[in-house]
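My notes follow in the order I took them.

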Amino acid sequence: MRLLKIAVLFSFAVILTAFAQEDLIVEGSGESVNRDEALMAAKRDAIEKGIGTILLSQTEVENFMVKRDMIVTKTIGAVKKYDIISESKAADGLVKIRIKAQLSRSAMRNDLAAFHILIESMEKPRVMVIISENNIGNEEPSNQSAESAVLKFLKDPYEFDLVDPDIVAEIRSSKQKMAELAGDAKAAVALGLQHGAEVIITGNAVSRKAEEISKNLGGMISVQADITLRAVNCTTGRIIGSESAHAAKVHVSPNTAGNQAIDKAARTAAGKLLDAIIKDWQNQLNKGVPISVTINGVSAFKHKTAVINSLKTLAGVSTVRERNWNGEAAVLVIDVQYKGNTDGFCSKVDGFKLKESGGSLTVTGVSGQDVTLATKLN
């Protein structure tokens, strides 16, 4: 009986130890212009230190260094609870906070596992950014603060491939094109495809003086900015999502305050929109995109069967469905679900050998998600 009791107590102790090992106790510190931001910075610091104890390989460490902000933001929920060790306000007005945080090791592991896959395997889409901006009543400001902020956010550290800003500037100079983009997703898709973009981000940014607030700032001008961004998948034509943000800045120059406020709001909105873009692109890679394929030169039933059966074996193709076949016109139309994008499909199918007939396929035309192939049959 006594041995059983000891065994039970030992097992209970092991369980408690296992639960304790699931949590990490880490100190973190942060400073900012207000208490909430300083506390968030301290939590992020604690999370970053906690992640460092979990990473195993040099590759993981290097990946984390590149995508640090993105990973820390995603794993912030691993903070189960915290105690404030110290809090002070420096002469420069910054609030400094130091905390002792309890982190969930399992939650961090789960998030990191997902991000390892994302970092290692995600094919980043080419992005086009075009935003209409009005800074303190100026509809054509020399500084395109919103676009610049979004482009910088996507480039560093995420390294997205971006459409040349000079091309965007030329488009923005056309009032007709900008009017078309304002509320028409199809126009955005057409414009994006024209310039090789897989995702196009459009939007509006406006800043204005906060007159009542500015009266009490001793010569400083308060400017508030609002921005709305929308992302559209140019491959599928689907709206990925939209996000809005608000920000305010103070400066002796209203234009400078406006630029700074727009910049801050744009970075906030872009950060929120990035999650939707990544999710959409990952779904596209995992589930595939629909591609309409027209194949010329298929006049015999056996050739039609050979083409369909061969395409089912093409890497990345999940489904092939026959839509229409006209033997007299020698035209076969099929719908293909491909795990990737149209360019990837075309790269694989061009020159692809048919399994049964010994012939091959050649890409002769591409328009959005419509692909035209020609057959060379033996």
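I sorted the lining of the second largest pocket by class and got six nonpolar, six polar and five charged residues. For the classes, I counted Ala, Val, Leu, Ile, Met, Phe, Trp, Tyr, Cys and Pro as nonpolar, Asp, Glu, Lys and Arg as charged, and the others, Gly among them, as polar. This is a predicted model, in which local features need pLDDT of at least 70 and side-chain atom pairs count only at pLDDT 80 or more, while totals for chains, interfaces and linings use all residues. Residues are numbered from 1 along each chain as its sequence is written, and side-chain values use heavy atoms, with hydrogens and water left out.

The volume of the second largest pocket came to about 380 Å³. Of the 17 residues that line this pocket, Ser132, Glu139, Glu140, Arg172 and Met178 are the closest to its centre. A pocket here is an open set of points on a 1 Å grid over the protein atoms alone, where a 1.4 Å probe fits, with protein on both sides within 12 Å along at least five of seven lines; lining residues have an atom within 4 Å of a point. The volume is the space filled by probe spheres set on the points, which are joined across faces, edges and corners.

At least two residues each come from β4 (127–135), α7 (165–172), α8 (175–183) and β5 (199–209). Helices (H or I, at least four residues) and strands (E, at least two) are DSSP runs, numbered from the N terminus.

Entry 2, four-stranded sheet. I traced an open sheet in the order β4-β5-β6-β7, with mixed pairing. Strands β4 and β7 are at the edges with a single partner strand each, so one side of each has no neighbour in the sheet. Two strands pair if DSSP finds at least two bridges between them. β5 and β6 run antiparallel and are joined by 11 bridges. Glutamine 224 in β6 is the bridge partner of arginine 208, and glutamine 224 also stands opposite alanine 248 in β7.

β6 (residues 221–233) and β7 (residues 239–251) pair antiparallel over 12 bridges. They form a hairpin with five residues between them, and glycine 237 in the turn has a positive phi of about 80°. Contact means heavy atoms within 4.5 Å; axes are lines fitted to C-alpha atoms, for helices over the stretch in contact, with angles from 0 to 180 degrees between N-to-C directions.

Entry 3, three-stranded sheet. I found an open, antiparallel sheet of three strands in the order β1-β3-β2. β1 (23–32) and β2 (79–89) are its edges, each with a single partner strand, so one side of each lacks a neighbour in the sheet. From one strand to the next the twist averages 20°. Nine bridges join β2 to β3 (residues 95–104), and lysine 81 has glutamine 102 in β3 as its bridge partner. Helix α2 (residues 35–54) lies across β1, β2 and β3, at about 140° to β1.
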